[in-house]
Structures are given as C-alpha cells and as structure tokens.
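Please look through the sequence and the 3D structure below before reading on. The paragraphs after them go from one part of the chain to the next.

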Amino acid sequence: MSHKLQIRVYYEDTDLAGIVYYANYLKFIERARTEWVRGLGIDQSRLKSETGIVFAVRRIEADYLTPARFDDLLEVETTPARIGGAKIELEQRVLRGEDTCFVARVTLAALSAAGAPARLPVELRERLASAGTGS
C-alpha cells in the first residue's frame with residue numbers, strides 16, 4: 001500500500017539552471033515519510049516522549065532520472081518494502097505526471113534516546129504491517 005503526497009516546486013527549490021537542486025529531493029521524500037507515518041496514526045513526538053524512540057536515516061540509495069523544474073506539481077509516493085526488528089525499508093518515487101524524476105530506497109533505523117539501535121514496539125510493527133508491509 002502506497003502513500004502519496006503532492007509537492008509544488010518553488011523557485012527556492014531550484015538551482016541556476018532552473019531545475020530542482022539535487023538535495024531538495026531528499027527534503028521532498030523526508031516530508032512524504034513524515035506524512036506517511038502521520039497517516040498511519042503514529043505521533044512521532046509522542047513516540048519519542050513515551051519510548052525515547054526516534055527514526056534516523058541509515059542508508060539511501062538514490063537515482064536522479066529526469067529533472068523537475070520550477071512550478072512543477074510533483075507526487076511523492078512512499079511504499080513500505082520491509083519492516084525489521086529495528087529498521088524500516090521504504091521505496092520512494094518522485095513523479096511528475098507519468099514521468100519518474102527520482103527514485104530512492106531508504107533504510108530507517110529506530111534509535112533509543114542514547115542513540116543506540118532500538119527494537120520497534122510491537123504495536124508500531126503491527127500498525128506498519130497492517131499498512132501493507134512485509135516482514
């Protein structure tokens with residue numbers, strides 16, 4: 001099951017060539033991940049205050065396929081790929097209509113307040129699994 005978020009490209013998102021600056025795709029997919037988690041009913045602030053658990057990007061494998069430009073309306077698609085004991089793997093795509101501009105495979109690690117790997121709480125894993133993820 002995929003989550004979709006629309007994002008408009010603003011002038012501030014572009015470089016001198018008028019295309020989206022490469023690092024801004026990482027911001028776009030970050031926003032989409034946050035909205036995906038929120039859409040599952042998970043309050044990340046509450047998760048942190050109650051359990052000390054936060055999510056951190058451990059790894060990103062990304063491909064830039066075709067440039068997005070000022071005023072384009074993009075759609076960021078987030079699809080859970082795998083849920084492990086202390087990590088979440090996602091596939092994310094940035095689309096402009098039928099064109100795929102950017103794809104990424106993102107691994108998130110669950111961390112404790114001390115910054116050490118932490119197991120995902122059972123309730124959280126179950127909620128993620130019910131959203132269509134594998135294990």
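The largest pocket is lined by G41, I42, D43, R46, L47, E50, T51, P121, E123, L124 and R127. A pocket here is an open set of points on a 1 Å grid over the protein atoms alone, where a 1.4 Å probe fits and where protein lies on both sides within 12 Å along at least five of seven lines; a lining residue has an atom within 4 Å of a point. Rolling a probe the size of a water molecule over the atoms shows where empty space is left. The space in the largest pocket comes to about 230 Å³, a volume being the space filled by probe spheres set on the grid points, which are joined across faces, edges and corners.

This is a predicted model, in which local features need pLDDT of at least 70 and side-chain atom pairs count only at pLDDT 80 or more, while totals for chains, interfaces and linings use all residues. Residues are numbered from 1 along each chain as its sequence is written, and side-chain values use heavy atoms, with hydrogens and water left out.

Which helices each supply at least two residues of the pocket lining? They are helix 2 (44-51) and helix 3 (122-130). Helix 2 gives the most, with 4 residues. Helices (H or I, at least four residues) and strands (E, at least two) are DSSP runs, numbered from the N terminus. By type, the lining has 4 nonpolar, 2 polar and 5 charged residues. In this count, Ala, Val, Leu, Ile, Met, Phe, Trp, Tyr, Cys and Pro are nonpolar, Asp, Glu, Lys and Arg are charged, and the others, Gly among them, are polar.

Two strands pair if DSSP finds at least two bridges between them.

Strand 1 and strand 3 (residues 73-83) run antiparallel and are joined by 6 bridges. Within this pairing, H3 has T78 of strand 3 as its bridge partner, and R8 has L73. Strand 3 is also joined to strand 4 by 8 bridges, again antiparallel. Here T78 has Q92 of strand 4 as its partner. Strands 3 and 4 form a hairpin, with 3 residues between them.

E77 lies in strand 3. Is E77 buried or exposed? E77 counts as buried because its relative accessible area is 13%; buried means under 20%, exposed over 50%, and partly exposed in between, with a 1.4 Å probe and protein chains only. Leaving out residues up to four places away in sequence, E77 touches S2, H3, K4, E91, Q92 and R93. Touching, or contact, means heavy atoms within 4.5 Å.

I88 is in strand 4 (residues 87-96). With 2% relative accessibility, I88 is therefore buried as well. Beyond its neighbours within four places in sequence, I88 is in contact with W36, F55, R82, I83, V106, T107, L108, L120 and L128. The C-alpha atoms of I88 and L74 are separated by 24 Å, although these residues are 14 residues apart along the chain.

I60 belongs to strand 2. Its relative accessible area is 33%, so I60 is partly exposed. I60 and R105 are 45 residues apart in sequence, yet their C-alpha atoms are 5.7 Å apart in space. Apart from residues up to four places away in sequence, I60 touches L26, A104, R105 and V106.

Finally, consider D71, in the loop between strand 2 and strand 3. Phi of D71 is near 75 degrees, a positive value in a residue other than glycine. D71 is partly exposed because its relative accessible area is 44%.
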